[in-house]
Amino acid sequence: MKKELEKLIRIKIAISLRRLLENSKKFLQSDDDIAQSYNQIAIITGLRKGTVSDTFNAKSTPGSGTLILIVESMGFDLRDFSKLYCSINESEIKSFNVILD
């Protein structure tokens, strides 16, 4: 049960971050201080690119500091992240699982 819950959390985090990244690309294109790729997130935050990639691909659960750094590097805050996180439904989770497999 705990492993299933942890996987669900990783997936919801990944879906939320991917949506924020898409929004960053669409709406914040002119700002050089706003990350629009995994590599830019890594450079801005000082995190390893592998850490960023693993978080966006639901391979690892980020710590709170890591999550905040990633979200803020894209020009958003935790309120934006939490709204997306809480809005994710079962069909989106199933679709994301297909991508992972």
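Me: Is L21 buried or exposed?
Reply: L21 is buried, with a relative accessible area of 7%. Buried means under 20% relative accessible area, exposed over 50%, and partly exposed in between, with a 1.4 Å probe and protein chains only. The structure is a predicted model in which local features need pLDDT of at least 70 and side-chain atom pairs count only at pLDDT 80 or more, while totals for chains, interfaces and linings use all residues. Residues are numbered from 1 along each chain as its sequence is written, and side-chain values use heavy atoms, with hydrogens and water left out.

Me: Where is L21 found?
Reply: L21 is found in helix 1, which spans residues 2-27. Helices here are DSSP runs of H or I with at least four residues, and strands are E runs of at least two, numbered from the N terminus.

Me: Which residues does L21 touch?
Reply: Leaving aside residues up to four places away in sequence, L21 touches A35, Q36, S37, Y38, I41, F56 and M74. A contact requires heavy atoms within 4.5 Å. For M74, which lies 53 residues from L21 along the chain, the C-alpha atoms are separated by 6.5 Å.

Me: Staying with helix 1, at what angle does it cross helix 5?
Reply: The two axes cross at roughly 125° and come within 9 Å, helix 5 being residues 78-87. That makes helix 1 oblique to helix 5. Axes are lines fitted to C-alpha atoms, for helices over the stretch in contact, and angles run from 0 to 180 degrees between N-to-C directions. Angles under 35 degrees count as roughly parallel, over 145 as roughly antiparallel, 65 to 115 as roughly perpendicular and the rest as oblique.

Me: Which residues make that contact between helix 1 and helix 5?
Reply: Helix 1 contributes I9, K12, I13, S16, L17, R19 and L20, while helix 5 contributes D80, F81, L84, Y85 and S87. By class, there are seven nonpolar, two polar and three charged residues in this contact. Ala, Val, Leu, Ile, Met, Phe, Trp, Tyr, Cys and Pro count as nonpolar, Asp, Glu, Lys and Arg as charged, and the others, Gly among them, as polar.

Me: And what is the angle between helix 1 and helix 6?
Reply: Helix 1 and helix 6 pack at about 90°, and their axes are 10 Å apart. The two are therefore roughly perpendicular to each other. On the helix 1 side the contact involves K7, L8, I11, K12, A14, I15, R18 and R19, and on the helix 6 side E92, I93, F96, N97 and L100. These residues divide into seven nonpolar, one polar and five charged.

Me: How do the axes of helix 2 and helix 4 cross, and what is the angle?
Reply: They cross at roughly 115° and come within 9 Å, with helix 4 covering residues 64-73. That makes helix 2 roughly perpendicular to helix 4. I41, I44 and T45 of helix 2 meet L69, I70 and S73 of helix 4. This contact has four nonpolar residues, two polar and no charged.

Me: Turning to the loops, where is G46?
Reply: G46 sits in the loop between helix 2 (38-45) and helix 3 (49-56). G46 is exposed, with a relative accessible area of 65%. Its C-alpha atom lies 9.1 Å from that of L69, at a sequence separation of 23 residues.

Me: What about the phi of A58?
Reply: Phi of A58 is near 60°, a positive value in a residue other than glycine. Most residues other than glycine have a negative phi. A58 belongs to the loop between helix 3 and helix 4, and A58 is buried, with a relative accessible area of 9%.

Me: Is E4 buried or exposed?
Reply: E4, which lies in helix 1, is exposed, with a relative accessible area of 59%. E4 and T55 are 17 Å apart, C-alpha to C-alpha, and 51 residues apart in sequence.

Me: Lastly, what is the mean pLDDT of the chain?
Reply: The mean pLDDT of the protein chain is 92, and 94% of its residues reach 70 or more. pLDDT is the predictor's confidence in each residue, from 0 to 100.
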